Amino acid sequence: MSPIEIGLTSVGAIVILVYLGVYIPIALGVVSFVSIWLMRDNFDLAMNLLKIAVGDSVMEYTFATVPLFTFMGLIVSKAGLGADIYEVMNSGFRKVKGGIGMATVGANAVFAAVTGSSIASASVFSKVSVPQMLSYGYNPRFAVGVVAGSSVLGMIIPPSAMLIIYSFVAEQSVGEMFQAGIVPGLMLAAAYVAWIWTMGKFAPSYIGGRPFDETEWMSWGEIAEKTLPITTLIVVVLGGIYTGWLTPVEAGATGSLLGLAIAVVRKKISLQGFWQALLETGHITAAILFLITAASIYSRMLGLAGVPNALGDFLESAQFSFFWIMFFYVVLMIFLGTLLDTASIILIVVPLFLPLIEPMGLSLVWFGIITVVGAEIGLLTPPLGISCFVIKATLDDHRISLKDVFIGAFPFAIVMLVVLILLIRFPSLSLAILN
Amino acid sequence: MNNGVLKTTAAGLSKMANGIAISANAVGTIVVLLLVLVVNYDVVARGIFNKPFLGAVEVVQFSMVLIVFLQLPDVVRVNRLTRSDGFLAVIGERRPRLARNMRRVINFISGTFMTLIAIAIWPEFTEMWESKDFFGIPGVFTAPWWPIKLVIFLSAALCVVIFALKVLTGRDRPEMIRAPEHEEATE
Amino acid sequence: EKITAVVIDGYPAKALWVKEFSDFFIPEVDKRLAESGNYEMDWQESYGGAIVKPKGVLEGVKLGLGDIGIVTTIFHNSKLPSQALAAVTPFVSSDARAVAKAVDEIAKEFPTMQKEFGDENQVYLATGVVLDTYQPFLSKQITGLADLEGSKIAGAGMNLRYLEGIKDAAGVRGGLTDFYNMVQTGLTDGALLWPEAAKTFKIAEVAPYMLKADLGAVNSKTITVNKDYWEKLPDEVKGVLQDVAVLYRDHVAGIAMDRAGESQDAYVAAGGTIVEMSAEDRKAWADAMPNIAAEWAKSLDDAGEPGTEMLEAYMAKLKAAGFEPVRDWAAEAAMN
Ligand code: NA
Ligand code: NA
């Protein structure tokens, strides 16, 4: 077999092993190791690549953003910032049909600006907004669907672990990726709200529910008390990065300390809760970075095999248009999204496509946004949809099955796809803020 | 060998390995806190006192290695290594023994891979221990390489033991996601 | 006979030294080999992180992931200490060609640099210099050294130490890509850069005053070959590679000098002002610095290498080439 054949076979082997349930980093690492060994007929070379990859990949300075933003997200969830912003939004949207749903979307968009993961959003909002929607007679499938759909905002609106991972693979600035995520994230939130409004108008039974009973508005003092902490955090973290005062790493650390201070002042955190947040941070960091380490062995294996170059030549000679390359890319991500988590999709697919995108004169920052949004659609689709699992597990309500969550989330996955197509068609949506 | 003895030995070994993993995990957890503090110290020292901490970059890099590799064995222990086990869960309902044996094979492959990492890293450690190699800028801030290589080696070795125990005992709780997320799994 | 050569660098193909490797080094080697017709090279170029990252080239060549590599030596203070020679001797020469030639000759006349690469399982071919000189670029109007007192200046690597002697001045570490933001926000009052980088990163917009201090050119790239691969090469090919490496050294340094001139003009055109630093101020700055060259020589001496002799020979070469050092780093080192 030629190196290229070995390289391509290995991509297939990885996908099969992952489907069979092999840990993803192990599948990436083992298959790449064996491929290099076969390709060069040199066991030592394979060992050497392992040696370089294991030490190198973790030592990247910007990776400190992963634990820092994870910790910040966990602490602010504990501090109740998500629930606060939700209450405020709710008081604004209560007169509208589907108002609690819209409030959930809005609160998620704001909360997304202080958390790096969708999982935190999904677990916070399935606790606060699903029970309320059910008590107001909302359609249960809509209730869980809107939480699942809007949880995705956590990974698109910065800070975001996925934007960080992409910026590592594509060698782009984390700060720029963060800035590029703002408009697409807000656009997605707006699209969700528009969808809910439209359905409320034309198919009200899909949403269900009745308006709020009480008529009292929230006082300005109350609104300020509930929004000030989160606004301060957003200004410090995103403002710090946007103006260049803080590197993303420093913004994460500052935000963590500030979030901790808010939690302590509000007496929302015990010593045990604090320890658990640190511990959870460590677990998530180790799992993500080990995955990245294994993926870096994989991408080097592809490099040694010359797969990206060969793929580039093939697509060039086949004269595929921009449309077909993007079509193929989106379909591939949705296919992988049936089973892989977002980080794995980015780490497996991006190294294959980068050599095609750059020569076409396309922006790698824009491509990153497309990649993250495309890969995140998988969070909402069966059989593996992490956000849906988290919601099912957090709710722990026997009346709502996993199937209900998936059915409820499906329309939101479609809305995402529509937004993704717009983002592909109009790159300036992602790039305008950078210029 | 007597089956009972084997079981007791495995249980004892398991307890020990898990104990070490939990302790390493605690140390790694403290490093997360350290990371938050060091970066904030640098921001304040630079912004207010005109005295930046010039070792911040190296300390951050060092912390990342400690966080990842001190926590990794515990991640393996509580089954949180990234995987997609929908297929195993489906098989597990109809053919529980088959699923169990598949898990054993997967854990065996994983243990083998971690063994390769340990073997690859060990000479790096001895080499850097002798050469006292460092990273950073001389006269500004430097940190030795060898502790990094040692931590990676020990971490990989501990992962090997934990995977081996999963193969022997066949205990590897299928669990896609734990929620509420913040609660620690206890075994 | 066909010989494959895998060339690696972690920087993208458009980087000056990588581009010239493709456009100058490779065709030149091919041309020379074609003259005798005995051998033909089959080049496999892998740049931009396909196989290694910029910091990983040294290890990549060591471990055989690449046969030939462009090692960025400033990342490897620990494994390649003697490569810091030009970095520890500021205020001597801002001519990339002269510095490249002098460092390369030191590498070939003394065993130390080759030994350091030898320990990394590779063979030294030649040194590259891609920047003419570091200069301080500042956001506020300046007249001389006194204006640097109490300021915060962004820098990277060894040049942070240039700021040590200036009263209350602090070096702030950052990457090249962060400097614009750091100065713009007032996080630092300026940055140490070379004119080409200043142009690339539009530094004139935020730091319109360049203090022409001429801190000097610094070597940062070395072409090396994996030792096992080298030993299997026929002598004819070895000879051609060595000769072309020297041509490449001068070729790249020449381009760097051309670009430096153009970049200074571009800086002025973009609204920048170049403030000439007075001879007294340059002398005062040089004298205020710790003798980092002597520190460098001593640590090599202590390791059993001819550090002091290398420093002396290097200074002598540049003097012979017509450069008058502001501070004679070697004279003091010899007295230690
Ligand atoms: Na976010
Ligand atoms: Na999915």
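Asp41(A) sits in the loop between helix H2 (24-40) and H3 of chain A. Its phi is positive, near 50 degrees, although Asp41(A) is not a glycine. The model is predicted.

**Backbone geometry**
- Most residues other than glycine have a negative phi, and most peptide bonds are trans.
- Asp41(A), with phi near 50 degrees, has a positive value.
- The peptide bond from Pro158(A) to Pro159(A) is cis, and its omega is near -5 degrees.
- Pro159(A) belongs to the loop that runs between helix H9 (153-156) and helix H10 (161-169) of chain A.

**Helix H5 of chain B**
- H5(B) covers residues 146-169, which is 24 residues.
- At 1.5 Å a residue, H5(B) should span 34 Å; its end C-alpha atoms lie 35 Å apart, so the two values agree.
- Gly170(B) follows H5(B) and has a positive phi, near 70 degrees.

**Crossing of H3(A) and H4(B)**
- Helix H3 (residues 43-56) of chain A meets helix H4 (residues 96-131) of chain B, with axes that come within 9 Å and cross at roughly 80 degrees.
- Angles of 65 to 115 degrees count as roughly perpendicular, so H3(A) is roughly perpendicular to H4(B).
- From H3(A), the contact residues are Phe43(A), Met47(A), Leu50(A), Lys51(A) and Val54(A).
- From H4(B), they are Phe113(B), Leu116(B), Ile117(B), Ile119(B), Ala120(B), Ile121(B) and Glu124(B).
- By class, this contact has 10 nonpolar and 2 charged residues, with no polar ones.
- An α-helix has 3.6 residues a turn, so residues three or four places apart point the same way.

**Second largest pocket**
- The second largest pocket holds about 660 Å³ of space.
- Its lining has 27 residues; the closest to the pocket centre are Asn77(C), Ser78(C), Lys79(C), Pro81(C) and Glu116(C).
- H4 of chain B, helix H4 (112-119) of chain C and helix H10 (292-302) of chain C each give at least two lining residues.
- H10(C) supplies the largest share, 5 residues.
- By class, the lining has 10 nonpolar, 6 polar and 11 charged residues.

Definitions and conventions: Residues numbered from 1 in each chain as written. Chains lettered and ligands numbered in written order. Predicted model: local features only at pLDDT ≥ 70, side-chain atom pairs only at ≥ 80, totals over all residues. Heavy atoms only, no water. Helix = DSSP H or I, 4+ residues; strand = E, 2+ residues; numbered from the N terminus. Expected span 1.5 Å × (residues − 1). Axes fitted to C-alpha atoms, helices over the stretch in contact; angles between N-to-C directions. Parallel < 35°, antiparallel > 145°, perpendicular 65-115°, else oblique. Contact = heavy atoms within 4.5 Å. Nonpolar A, V, L, I, M, F, W, Y, C, P; charged D, E, K, R; others polar. 1 Å grid on protein atoms, 1.4 Å probe; cavity = no way out; pocket = protein on both sides within 12 Å on 5 of 7 lines; lining within 4 Å. Points joined across faces, edges and corners; volume = space filled by probe spheres on them.
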